Protein chains: 4
Amino acid sequence: MNAPARFFPADEPLRYVGPLSRDPYGFRWYDKDQLVLGKRMEDHLRFAVAYWHSFTWPGGDPFGGETFLRPWMHGADEMALARAKADVAFELFRILDVPFFCFHDRDIAPEGANLKESNANVRAIAEIFARKMESSKVRLLWGTANLFSHRRFMSGAATNPDPDVFAWSAAQVKNVLEVTHELGGENYVLWGGREGYETLLNTDLPRELDQMARFLNLVVEHKHKIGFKGTILIEPKPQEPTKHQYDFDVGTVYGLLCRAGLEKEVKVNVEANHATLAGHSFEHEIAMAAALGIFGSIDMNKGDAQSGWDTDQFPTNVEDTALAMYEILRAGGYTTGGTNFDAKIRRQSIDPEDLVLAHVGAMDVCARALLIAADMLEDGALQKAVDERYAGWNEPQNRAMLREGASLEAIAARAEADDLDPQPRSGRQERLETLVSSYFR
Amino acid sequence: MNAPARFFPADEPLRYVGPLSRDPYGFRWYDKDQLVLGKRMEDHLRFAVAYWHSFTWPGGDPFGGETFLRPWMHGADEMALARAKADVAFELFRILDVPFFCFHDRDIAPEGANLKESNANVRAIAEIFARKMESSKVRLLWGTANLFSHRRFMSGAATNPDPDVFAWSAAQVKNVLEVTHELGGENYVLWGGREGYETLLNTDLPRELDQMARFLNLVVEHKHKIGFKGTILIEPKPQEPTKHQYDFDVGTVYGLLCRAGLEKEVKVNVEANHATLAGHSFEHEIAMAAALGIFGSIDMNKGDAQSGWDTDQFPTNVEDTALAMYEILRAGGYTTGGTNFDAKIRRQSIDPEDLVLAHVGAMDVCARALLIAADMLEDGALQKAVDERYAGWNEPQNRAMLREGASLEAIAARAEADDLDPQPRSGRQERLETLVSSYFR
Amino acid sequence: MNAPARFFPADEPLRYVGPLSRDPYGFRWYDKDQLVLGKRMEDHLRFAVAYWHSFTWPGGDPFGGETFLRPWMHGADEMALARAKADVAFELFRILDVPFFCFHDRDIAPEGANLKESNANVRAIAEIFARKMESSKVRLLWGTANLFSHRRFMSGAATNPDPDVFAWSAAQVKNVLEVTHELGGENYVLWGGREGYETLLNTDLPRELDQMARFLNLVVEHKHKIGFKGTILIEPKPQEPTKHQYDFDVGTVYGLLCRAGLEKEVKVNVEANHATLAGHSFEHEIAMAAALGIFGSIDMNKGDAQSGWDTDQFPTNVEDTALAMYEILRAGGYTTGGTNFDAKIRRQSIDPEDLVLAHVGAMDVCARALLIAADMLEDGALQKAVDERYAGWNEPQNRAMLREGASLEAIAARAEADDLDPQPRSGRQERLETLVSSYFR
Amino acid sequence: MNAPARFFPADEPLRYVGPLSRDPYGFRWYDKDQLVLGKRMEDHLRFAVAYWHSFTWPGGDPFGGETFLRPWMHGADEMALARAKADVAFELFRILDVPFFCFHDRDIAPEGANLKESNANVRAIAEIFARKMESSKVRLLWGTANLFSHRRFMSGAATNPDPDVFAWSAAQVKNVLEVTHELGGENYVLWGGREGYETLLNTDLPRELDQMARFLNLVVEHKHKIGFKGTILIEPKPQEPTKHQYDFDVGTVYGLLCRAGLEKEVKVNVEANHATLAGHSFEHEIAMAAALGIFGSIDMNKGDAQSGWDTDQFPTNVEDTALAMYEILRAGGYTTGGTNFDAKIRRQSIDPEDLVLAHVGAMDVCARALLIAADMLEDGALQKAVDERYAGWNEPQNRAMLREGASLEAIAARAEADDLDPQPRSGRQERLETLVSSYFR
């Protein structure tokens with residue numbers, strides 16, 4: 001089965017048309033070659049399209065079935081369907097002119113009759129990818145193994161009570177990690193969607209944490225063995241599908257990495273909607289990851305402020321996105337990471353066009369946010385305000401308090417001797433918020 | 001000024017009256033000498049009354065002023081008021097017959113004209129405590145410094161942009177840590193109510209995390225210097241009063257402890273309502289702390305399931321409390337920790353009697369929960385179900401996967417060679433929940 | 001295709017075995033003939049099993065596919081599968097010895113080639129139901145039309161922008177309402193799962209509210225035309241699947257009923273998990289419905305306190321359930337309503353046994369809760385405390401303030417003349433909570 | 001005691017300086033005389049400064065005391081302090097050049113020795129207001145009575161179990177309603193901060209709903225008696241300070257108004273942060289109020305997306321605010337209502353300057369949002385997309401379904417006869433969101 005010769009209502013790669021244009025089939029803000037802080041916009045943003053949401057999700061939700069009825073979703077020959085899907089996917093990459101894509105193994109190729117065949121299916125499609133990547137410019141931002149959809153994973157993958165599932169997962173990850181390496185992927189992601197629990201009553205929590213730590217070490221060891229130079233990334237999420245997921249948020253993942261001795265080896269892939277589900281702002285999770293030295297990449301999307309689950313919407317709010325971009329720039333920008341649209345069009349957006357326009361809109365939101373964030377950084381007024389606020393710490397006797405050798409006793413003695421009486425100073429939040437607002441355009 | 005000769009409508013220590021009694025001035029379930037799993041109930045539960053909520057909070061909320069109008073809350077001579085308050089406090093300890101109490105320095109003694117005087121005020125009241133403790137059986141579960149109420153702390157204590165506040169905080173903690181030591185306190189608690197931020201825009205996040213880590217090291221070093229054998233406890237909370245608090249939850253605190261090199265030195269004081277505000281169940285946070293080796297003590301209370309802030313209500317639900325008690329028992333019970341009622345009577349509960357009855361009701365809820373949890377543990381059916389679920393991991397080839405020397409390669413090879421096809425097995429959640437229900441009484 | 005001769009691991013209707021029994025295949029608290037407040041327990045609780053969750057849901061979630069693989073879920077002859085499902089369903093009704101069941105049309109019979117055939121399918125299965133109901137004691141609590149799963153409903157049913165969907169929905173409801181009438185159903189339910197919106201940007205809100213009001217009037221008119229004596233029930237839910245659902249909660253539904261002139265014609269079916277998703281306690285929604293005169297029936301289940309979506313778990317907490325039962329008793333109990341288990345076993349509970357035991361456990365939770373609630377009511381201490389609290393309103397001059405003829409002017413004059421100075425009195429919350437606790441057994 | 005001759009670091013009314021200016025003491029977007037959709041910007045926005053947050057709140061929070069230490073907050077002569085506060089308030093009104101202000105009686109004047117004196121205090125300050133208003137252009141948007149801060153209201157005002165509190169509240173509202181009328185106020189607001197409950201256990205819900213309905217009728221009757229032509233507004237809030245507040249949200253208030261027979265007499269004052277606490281977007285509550293015919297005015301602010309309480313922050317997000325402004329414009333704009341900044345500077349924003357700059361920033365956010373919303377409206381592309389989506393309803397046979405005389409029977413017959421098979425059409429959400437984004441500037 002083949003995808004129709006022309007699935008999308010566009011043929012040529014979309015171009016920059018400028019902010020004044022009303023043409024929906026062009027970028028109003030994303031001008032990939034524009035220099036921002038001395039770097040091309042494309043190299044800053046490193047956009048990636050996600051295979052899962054865009055080509056594999058059928059439009060279902062917990063109360064309703066599929067709405068999309070894509071041509072490659074129904075048919076007897078599953079590998080033929082997978083090939084048709086790949087054609088459409090690379091067509092979208094081309095139209096959007098994005099430098100990267102990302103995939104889960106099970107999104108690109110069907111489950112086979114057994115482990116071996118399943119892995120072989122992935123390899124077969126990966127070979128098609130390799131050829132398509134040669135003739136295009138698109139590269140692989142990351143690959144990952146889907147260790148959550150099949151019923152064998154219902155109680156976890158690495159943390160499953162059944163060791164055979166652990167073994168199966170190891171074999172599956174080995175395959176995708178190698179495929180990712182071979183395709184020149186820049187990162188490998190682990191999202192532990194089922195690494196958690198539904199109820200503590202049937203769970204051996206310390207054991208599961210140990211299994212997870214061991215599994216992660218196995219992956220890192222294999223990465224080094226095969227010479228993969230990319231980054232291993234964990235994607236935190238607090239819950240959903242499980243009631244509790246171990247990789248709850250950036251702070252928790254950092255602790256688990258320390259416990260596994262891997263805080264120098266593994267970084268995080270921060271998702272906007274996962275951040276908010278965990279009770280954090282997106283920019284907080286980025287800043288926290290940067291502060292802990294584990295910032296890697298992001299899954300760009302947004303949640304619905306009134307919905308308690310992962311809605312994975314395309315970002316629409318420039319101002320919110322600019323605050324995240326600012327933290328990314330402050331962290332030095334991406335190294336191997338990028339901006340992956342882990343976002344899905346709404347279930348009612350059933351036209352092929354919707355898929356194109358959703359990405360165009362989101363790319364523009366990000367580009368515009370980048371320009372604003374760059375202004376914020378270059379102008380320096382924000383950083384100056386922060387520096388002034390902490391300026392007291394430049395005094396020698398104050399710096400000394402943070403060094404080895406300081407003691408409560410000595411500090412207390414000085415505090416009493418100097419009769420310290422610290423006076424609060426305005427945090428100036430509204431002034432800074434208004435300042436930020438002045439960069440919006 | 002003296003508290004009235006008789007503030008509470010009870011004089012004698014309350015006694016166990018049994019479940020069939022309807023006398024509100026007696027314990028229906030808390031029978032302190034009853035042996036549970038070979039230990040006296042009192043020694044299991046180690047109840048503590050909190051000075052703050054019970055004697056210092058005036059009944060205000062963000063939309064209304066005080067309602068309690070306690071005799072010791074209004075007057076010119078603040079130290080006299082503090083002494084009157086101490087009389088009432090120890091009267092309640094006596095009536096409730098609790099083995100412990102807890103305090104913040106600022107709750108027991110007024111702020112003085114300067115640091116020195118403030119610390120001296122605390123020492124003066126502590127001496128009164130020492131005398132009262134001699135003539136009663138009540139002991140100190142923990143002391144702590146209030147580093148959040150005064151306006152000097154509005155931007156943090158250890159994490160303040162102003163180093164003078166850091167110094168002040170160090171001096172204040174030194175004083176309370178020493179007072180706690182001298183009063184035979186079993187723990188010292190740090191709750192970083194203002195160690196966080198209102199907006200990232202005015203915050204140097206990495207710097208503040210460093211300040212916090214250094215401060216914590218100073219405290220631990222001083223503990224050792226003065227020979228305090230108690231436990232240093234951090235009390236996680238995700239937010240409130242700040243928008244974001246660094247000690248977000250148990251998992252995050254563990255990571256920060258690792259970063260500070262203190263994961264063997266410091267434990268956590270888990271509060272029920274803080275757990276739920278962070279998106280966790282209370283029992284999760286206890287189990288997580290136990291799994292990470294940092295379980296210390298608990299602040300017992302409950303939040304309102306529909307309110308998004310810390311309501312600090314007295315626990316009322318035996319079944320929920322039993323699940324927490326079960327995790328405490330599974331963790332081996334308390335060592336230096338205890339069950340501190342960090343709970344406040346509702347703003348409308350203005351009668352002195354309400355304070356007594358709220359504690360009696362809560363102590364009974366906990367005692368009943370302990371009995372249930374002990375049954376759950378002794379019966380062993382729950383543990384047996386868990387053990388069976390993970391039984392596969394007892395097989396040598398499976399245990400081997402978790403040991404050094406295992407590799408993805410070898411595991412994958414075996415998985416393919418054995419043609420593994422793991423079949424899901426029921427998690428039996430409803431059955432286990434019904435089993436748990438059968439222990440309730 | 002036929003269901004296996006024996007799908008469940010039980011054959012005979014389960015019996016009451018008493019609280020001391022550990023036999024999971026018996027009721028520890030549900031003793032249907034036991035008199036409670038002068039009425040048989042069965043007649044109080046009026047339990048119903050829901051077709052949807054128990055027989056139609058395949059165990060999928062947004063991140064994973066089916067886990068249950070029931071024999072009646074896969075096959076070519078969909079009507080044969082539907083008949084096999086009906087056999088299993090009535091087998092479970094028999095084993096559980098419940099007096100009622102509930103269904104959505106699409107759960108009992110497959111979608112046909114067109115509207116006519118779809119409706120005919122429902123009628124065909126309904127005829128089988130009719131025969132099965134004759135030979136058993138089970139009755140129909142309510143029927144309802146599934147106007148949300150098929151993609152035609154993706155933008156709503158009565159509130160769809162496409163009038164043809166409105167027409168289709170009208171035809172489908174007509175069919176199920178008549179089938180419900182013919183099967184002797186005691187109520188007819190409308191849950192507007194898609195009657196809401198994803199974004200205001202594409203929505204004509206006033207128009208959609210008008211469509212909904214008109215649709216509801218059509219249904220009520222048809223009910224009278226066909227002589228259906230049962231109650232029309234709306235089931236409020238704040239969101240999910242839609243971002244916003246018009247029937248948000250009981251208070252909102254009441255307003256919309258007033259707007260449609262139907263507040264005397266239509267009542268509500270209150271679901272526990274929907275209540276908590278809307279920011280209310282379950283007992284609040286019941287009490288509110290009773291106060292507004294629209295309490296009808298309940299969907300019994302519970303949500304997960306940490307999950308932001310509809311988890312539809314079987315109730316496990318006796319104390320929480322007792323508070324809901326108390327409000328039902330205070331409202332006078334059910335008339336046409338009942339306790340429908342709109343609850344699903346967890347996705348990992350894949351054994352047929354899990355389905356039986358989940359219901360048994362939940363029925364016992366409700367029965368135990370009923371006994372407690374009855375004690376609370378009979379004892380009268382709670383009601384007495386409430387009556388005393390409002391006793392001042394029995395004074396003539398106070399009652400007069402609430403009557404026609406009173407005026408701000410006259411009341412103000414009296415308040416000043418009498419120099420009123422109202423003093424707050426304790427709300428005694430903790431005392432009452434402890435009192436409630438004393439009824440638990 | 002007098003406020004300092006010059007409290008704020010500005011003297012002259014601030015002027016429009018244009019978007020390119022970086023002068024914080026000027027409006028970058030708010031140009032009051034600019035015509036927007038044919039109306040002056042000032043007349044569109046009708047800004048009001050709130051007395052409470054800006055001049056009365058001392059900077060406290062549940063974990064810390066006051067931080068602001070305003071000169072008018074401490075002193076022996078409370079009426080002198082109130083006059084000093086009035087001077088500062090009108091100075092800010094002048095600097096900001098706002099057309100309106102709003103007040104609670106207790107914010108402007110201290111509680112007296114009794115009801116009579118308290119009311120007299122309010123009248124005394126109101127007379128000062130009257131004089132100040134004569135010599136300035138500022139007018140009164142609304143007045144309201146504080147029926148929640150004093151301990152007498154701890155269990156409610158109109159819904160208090162104590163009828164004397166009902167009477168007191170009636171007298172207090174009478175006074176403020178008349179003062180509001182005399183000052184030419186355009187609305188009178190009722191926010192029922194304590195009209196709700198902490199626990200159902202001590203609450204007679206139907207009785208309290210009746211008390212509230214009666215109270216509201218008394219107020220409406222008095223309004224007519226004194227000839228007040230302004231609008232009576234209820235301000236919905238779901239909770240806080242109470243666990244549950246009866247005026248939960250717009251939908252619920254509408255129902256209660258219908259129950260009281262007042263849906264034509266009373267409108268709502270929609271607050272952004274109250275909307276989000278109730279699980280709605282701000283724009284939803286505005287659109288809902290408009291659809292129900294009860295849209296009156298707004299309290300402009302924003303909540304923190306991660307905090308579960310009312311943070312009342314100044315709005316900062318232009319895009320979010322534009323969506324609210326668009327709904328206001330679609331509703332026809334304000335009649336008697338306006339944009340009241342029910343917003344407070346953060347507790348750490350202790351400089352007088354912060355108060356000025358917070359308002360300036362927020363006024364600019366609203367002005368910019370208004371310009372965007374006007375573009376959205378004028379361009380018409382959004383409305384066109386909506387109209388097209390519902391175009392099918394213009395067909396005669398479809399319109400007929402919504403009219404009297406239609407029946408389920410007839411509609412069903414036609415649906416079957418025509419063999420309707422409605423096909424879903426894309427909701428185009430992402431396209432519309434991108435379109436909205438294109439209006440931002």
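Analyst: Start with how the copies are laid over each other. Chains are superposed by least squares on the C-alpha atoms of residues with pLDDT of at least 70 in both copies. The model is predicted.

User: How do I read the relation of chain A to chain C? What rotation superposes chain A on chain C?

Analyst: Two copies of a chain are related by a rotation about an axis and a shift along it. Here the rotation is 180° and the shift along its axis is 0.0 Å, with an RMSD of 0.0 Å. That is the relation of a two-fold axis.

User: Through what surface do chain A and chain C meet?

Analyst: The copies meet through the same surface, because 100% of the interface residues of chain A are also interface residues in chain C. On each side, 32 residues are in contact.

User: How do I judge the area? What area is buried between chain A and chain C?

Analyst: The size of an interface is often given as the accessible area lost when the parts come together. For chain A and chain C that is about 3000 Å², with 51% from carbon and sulfur atoms.

User: And the polar side? How many salt bridges are there between chain A and chain C?

Analyst: Four. One salt bridge pairs Arg194(A) with Asp61(C), the closest N and O atoms being 2.8 Å apart. There are also 22 residue pairs in polar contact. The side of chain A that touches chain C has nine nonpolar, eleven polar and twelve charged residues.

User: Now chain B. What area do chain A and chain B bury between them?

Analyst: About 8600 Å², 65% of it on carbon and sulfur atoms. Leu201(A), Tyr390(A) and Leu408(A) supply 9% of the area that chain A buries here, more than any other three residues. In residues, 97 of chain A are in contact with 97 of chain B.

User: Which helix gives the largest share of the side of chain A that touches chain B?

Analyst: Take the polar pairs on the way. The interface of chain A and chain B has two salt bridges. Glu409(A) meets Lys225(B) in a salt bridge at 3.1 Å, N to O. Polar contact joins 25 residue pairs. The helix is α7 of chain A, residues 205-226, with twelve residues on that side. That whole side divides into 45 nonpolar, 24 polar and 28 charged residues.

User: Which domains does the assignment give for chain A?

Analyst: Domain 1 covers 15-379 and domain 2 covers 384-438. Their C-alpha centres lie 40 Å apart.

Methods: Residues numbered from 1 in each chain as written. Chains lettered and ligands numbered in written order. Predicted model: local features only at pLDDT ≥ 70, side-chain atom pairs only at ≥ 80, totals over all residues. Heavy atoms only, no water. Contact = heavy atoms within 4.5 Å. Domains from an automatic or database assignment. Buried area = accessible area lost by both parts, 1.4 Å probe. Salt bridge = Lys/Arg side-chain N within 4 Å of Asp/Glu carboxyl O. Polar contact = N/O pair within 3.5 Å; in protein donor to acceptor, adjacent residues only side chain to side chain. Helix = DSSP H or I, 4+ residues; strand = E, 2+ residues; numbered from the N terminus. Nonpolar A, V, L, I, M, F, W, Y, C, P; charged D, E, K, R; others polar.
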